[in-house]
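Open the model in your viewer and keep the selection panel at hand.

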Amino acid sequence: MNNNNQLPLAGVRVVDFGQQIAGPAAAMTLADLGATVIHIDPPQGPQWNHPANAILNRNKRCLSLDLKTRSGLQQALSLIEQADIVIESFRPGVMQRLGIDFGQLRAERPELITLSVPGFASNDELRREWKATEAVVAATSGAFTDMGFNRVLMGIEPSFSPLPLGSSYATTLAASSVVLALLEREKTGRGDSIEVPVSAALMEGLSYNSYVVEGLPDRYKTMREHEIEYRKANNIKMDLSYDDLQEYLDPFYRTYECADGRQFYCVCPSHRNHAKRALQVLGIYDELLAEGLPDVKDLHLPIAEWEGETSIGVYPLPKKWADIISAKMKKAFLTKTSEEWGVAFGEGQIPGAPHRTTQEWVNDEHTNAAGLIVEVDDPEYGLMKQPGPFTWFEHNAGQMLTPRPRKTVSFDEALAELTSVAQADRVTRPVGNAIQPASGKGWLDGFRVLDLTNVIAGPHSGAFLSRFGAEVIKLDPVTPLYDPLIGTLFSFQTDMGKKKALVDIMTTEGREAFNRLVRSVDLVLINAPSRQIIPLGLDHDSLQAINPGVLFCRLDCLGGPRPGPKTNYIGYDDIIQANSGIMSRFGGPDTPEEHAHLGTLDVNCGFAAGLGMAVAIYHKLKTGSASRVRTSLSAAANLAQIPFAFDYEGRAPFDEPSGRNVQGNHELSHFYETRDGWIFLDSEISELNKLSAIEGLEQIAHAESISDYLTTAFKQAASAYWIDVLHSADIAAAVPNSIETLREQYSRMADGCVGIDRGSYAFSIHPDHPSGHCLTQIDHYAIRPVEARIKAVSPAESFGHSTREILRSVGYSEAEIESMIERKIAGLAWGKEYLPS
């Protein structure tokens, strides 16, 4: 099983009891990477009866077992005996009550890896027994409240989103944890028991929406934030229309109408080169210069020391210049079609993309050519377009582009397949008496990473590895490319746990420092399009010549397993949101709007890169081969749209809930106002009898309009009453929390521990943050192994803080380091202040 041409998880055997999205998607991810997966449904079929199950169960063998019968339970246990990994996603304790006790199974077979993906944490005494649907987890975790500045200014509260963000984050986190447990097992022979609550995964995914910097300087507040503060202070209603709202958006971060009547999303703030290129391709740069457009050379100086009032490349722009630039950009965009501007921006290396629907994305020339969308001949739906893999190896990605369709098998066939794979596997891990006791160490203790990334997705992936003990060196240029909002403020999240150095690797001496660092690490990480890799010397041959065996991971925007027409286009989270249909769904086709959560795709792209790196490390340990692993924002967009991103002949219309005024999936899965607030009811027609047994809802089954009936009924009592009676009837429902409320309830002073023991929510307060501000942020707590250690990583240090230490570690003398700093080949900071005022 050590053939380098095989998929990296070939020989790994998985029994998947998962239901809904997160559990099956984690198992699907392992199957895509080569694992043999047996999926088990209850006799009545999957809990979520949806065409997306064709995606979630591809590359799997599927059967039904009744675990409530002796024979069904015995068959399940027989399958588990042949498995390396067992996955379930029920409420805590359900599997044990059915007779499958993970603790007992691991006591008998310590090599077994078990994964539980409940909605809420097993140690969350308040919520662990709740029926934790996707929407209930989202509502409880603050995902439907204060959904961005747009919704606040429009007065839309609460807001609904159909994206299964909790499950999409949980998928990559859960799959990563299993692969890391496989890595540890290869060394020690021991497996592990892991829990990844969807609620905790969602909170980590929303980390850029939940952290608070006390005393944040005004320069980082957008026009929308200033307007919110003004209206609150003066008791003015939040009632902006969509059109009015556009005038509060930065000109480099907004939607424009084009000559074909379709819209284009421009996202190039905070980067001087991108903004300048945009104005040049639009033909208005010289015109703006003639009108006195200021140009501040060093944006990392305090504003009081600027030589001008602003500059392109700073976000947010002051209103005066935002209005001037926006007016000219509006006129310019009307001169070409959205598709023409898409090509102009893409070929010009400018972040921007036309707004498109998910149907257009799924059938797009690029997504299909690049393998971001693949075709599967499903037994129920026929030839079906589905999302491609979420992470892949460069050398054998083609093998992942022809997934096997799901196949229904008998118990005997399933057992025979697991047994056959087990017999063919060449076991290289310690077995029997050679299995070592639990070490209590991190899965990646001693592993070293050189992180060359920027913005969110890339550096987030490096920070993700640090919780498992990896040593991450963050190498940045001496002169920053981004303004302090993107370059510094976001780094409070993305650079946690890293040592940070500034070196100009485009100089001869800087390149030598880079080469020395490459020789000192196990993996090199970057986010960049393909066209930059060879010039940077990051192609396979160049890197292997420097450090034979070094691993490599790359993230980009539109990349897939194969080249496509837009492979080298650059962009950010928002670009793919616009192009993949997320914005059209969230805001509505005619008034597209960025999804409210900062890093909607960025964070999960970082987690997907973490998964890829874990697979590459495991693959090298098994085979000795150095691989190059990939993922992209586009792949992350597909995962976020699992319920929508597919097509086949006869598919129902792409008319899933969309628009800012949509309050749910349907009348039984919807927000309703109560006497004192709101609740989200997440029921279905099959539960009408259960609903009609509840006092106050007795006539629901006879109502002419269920929506009208519930609108009236729920207003008759308080939210607490409805939640109590609905939960007692085992009906999914939740009061929409705000992240601010959760932060107030579940924050503690940073104590050097990860909040794994604190239930579904855990924030840490850092009063002595290196920035000089008090910072509160979510813990790195979603992945919860029993035996491995999860590290509470340190707050993000300032850029260049460890330059001397890092250069010293690769052999430079103090005199050489001082000389490099003096000549600006190396640096100690980007400005006078960590977070410029």
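**Stop one: the sheet**

Select the open sheet of four strands, ordered β7-β28-β27-β26, with mixed pairing. Strands (E, at least two residues) and helices (H or I, at least four) are DSSP runs, numbered from the N terminus. Two strands pair if DSSP finds at least two bridges between them.

This is a predicted model: local features need pLDDT of at least 70, side-chain atom pairs count only at pLDDT 80 or more, and totals for chains, interfaces and linings use all residues. Residues are numbered from 1 along each chain as its sequence is written, and side-chain values use heavy atoms, leaving out hydrogens and water.

Go to the edges of the sheet: β7 (212-213) and β26 (747-749). Each has a single partner strand, so one side of each lacks a neighbour in the sheet.

Now select β28 (residues 775-778), which runs antiparallel to β7 and is joined to it by two bridges. Pick Val212: its bridge partner in β28 is Thr776.

Contact means heavy atoms within 4.5 Å. Axes are lines fitted to C-alpha atoms, for helices over the stretch in contact; angles run from 0 to 180 degrees between N-to-C directions.

**Stop two: the helix pair**

Select α25 (residues 573-580) and α28 (residues 633-640). They pack at about 55 degrees, with axes 10 Å apart. Show side chains: Asp573, Ile576 and Ser580 in α25 meet Leu633, Ser634 and Ala637 in α28.
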